[in-house]
Amino acid sequence: MEREPTRIREGYLVKKGSMFNTWKPMWVVLLEDGIEFYKRKADSSPKGMIPLKGSSINSPCQDFGRRMFVFKLTAAKQQDHFFQAAYLEERDAWVRDIKKAIRCIDGGQRFARKSTRKSIRLPETINLSALYISMKDPEKGIKELKLEKDKRVYNHCFTGTCVIDWLVSSNSVRNRREGLLLASSLLSEGYLQPAGDTSKAAAEGLSDTPFLDLSDAYYYFPDSGFFCEGYSSDDDVVLKEEFRGTIVKQGCLLKQGHRRKNWKVRKFVLRDDPAYLHYYDPAGGEEPLGAIHLRGCVVTAVEDMPDTKKYDVDNILFEIITANETHYYMQAASSTERSEWIKAIQTVARTGK
């Protein structure tokens, strides 16, 4: 039976069209032997596939002066493919993994991240990638929860104890000590991420083990849409902590509605900690009409979009795709203003909480 290629990295990138000069967000999947790209994350069939054998990669790519964080992948048949990341670290991570995948193909090797097996003596039969997929299974995997600690609410996460419980109950390990070693390996190789001061301190080497089998140590999957909010034990309600951050940018934009697809002028306020973009009725009112959580989002300029009639003007539309795959379309007053909003949102999405 032929083995399916391992998924090395996946996420939203902006891809330039092959025939037309249009840039559109795509769900991109890096495999051991190629790159697949999908219109949406939930799609079962890719829009296309780029074989990596014989390919080369160029980064940074300066072919498009107005676009930041672009890299170029040249396939064996000398066809160029251009991708744009949301920020520098994301672009460099993609480029690093693609380069390694190409080297592995050229050398006849399998792609493998830096292994921790020797240091923690894991059996070679354990497939961390397959285990990670099982852990994320909606029915039988680890349940993502909303947890509270130190007046903060952690969304889409789970405890260290839950991870060890799952590893033992699924017969992935024989006991909790083995589970701790395996969980430490998953953390070290990026399959789990620490959330909160307790787990972060352990991951940074301030504890006996990098992973903690504790009910107050929180973790999350890297592509889960995790985010953290403030909490008030006095009022027993979630605070509008998003209002505490510094205002990075504010102004009026046209926003397309989700239901009727109509466009309305809204006043937008971008804050950096946590990373939220609130929108208000420009006629007045202190309470926002809604908020867009920006952590893990993709923002990009768009040249065209569905249901755009009256306000279909070149070079001033942009799109935000949030971590939970909600799409927001906005229109600026000019191409310069659009660029300013995109850069500001990209920065907040990268540095905000």
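Modeller: This is a predicted model. Seven strands make an open sheet in the order β4-β3-β2-β1-β7-β6-β5, with antiparallel pairing.

Colleague: Why are β4 and β5 said to stand at the edges?

Modeller: β4 (48-51) and β5 (56-58) each have a single partner strand, so one side of each is left without a neighbour in the sheet. From one strand to the next, the twist averages 35°.

Colleague: How do you know that β2 and β3 pair?

Modeller: Pairing takes at least two bridges. Four bridges join β2 (residues 23-31) to β3 (residues 34-38), so the two strands meet the definition of a pair. They run antiparallel, and Leu 30 stands opposite Ile 35 in β3.

Colleague: What lies across β1, β2, β3, β5 and β6?

Modeller: Helix α1 (residues 88-107), which runs at about 120° to β1 (7-16).

Colleague: What makes a group of residues a nonpolar core?

Modeller: Its members are buried nonpolar residues joined through side-chain atoms within 4.5 Å, and buried means under 20% relative accessible area. The largest such core has 25 residues, and Met 135, Val 163, Leu 167, Leu 192 and Phe 211 have the most contacts inside it. At least two of its residues come from each of α3 (128-135), α4 (160-169) and α5 (176-188); α5 gives the most, five residues.

Colleague: Which residues does Met 135 contact, leaving aside neighbours within four places in sequence?

Modeller: Gly 141, Ile 142, Val 163, Trp 166, Leu 186, Leu 192 and Phe 221. There is also a second, separate core of 23 residues, including Val 28, Ala 75, Phe 83 and Ile 102.

Methods. Residues numbered from 1 in each chain as written. Predicted model: local features only at pLDDT ≥ 70, side-chain atom pairs only at ≥ 80, totals over all residues. Heavy atoms only, no water. Buried < 20%, exposed > 50% of the residue type's maximum accessible area, 1.4 Å probe, protein only. Contact = heavy atoms within 4.5 Å. Axes fitted to C-alpha atoms, helices over the stretch in contact; angles between N-to-C directions.
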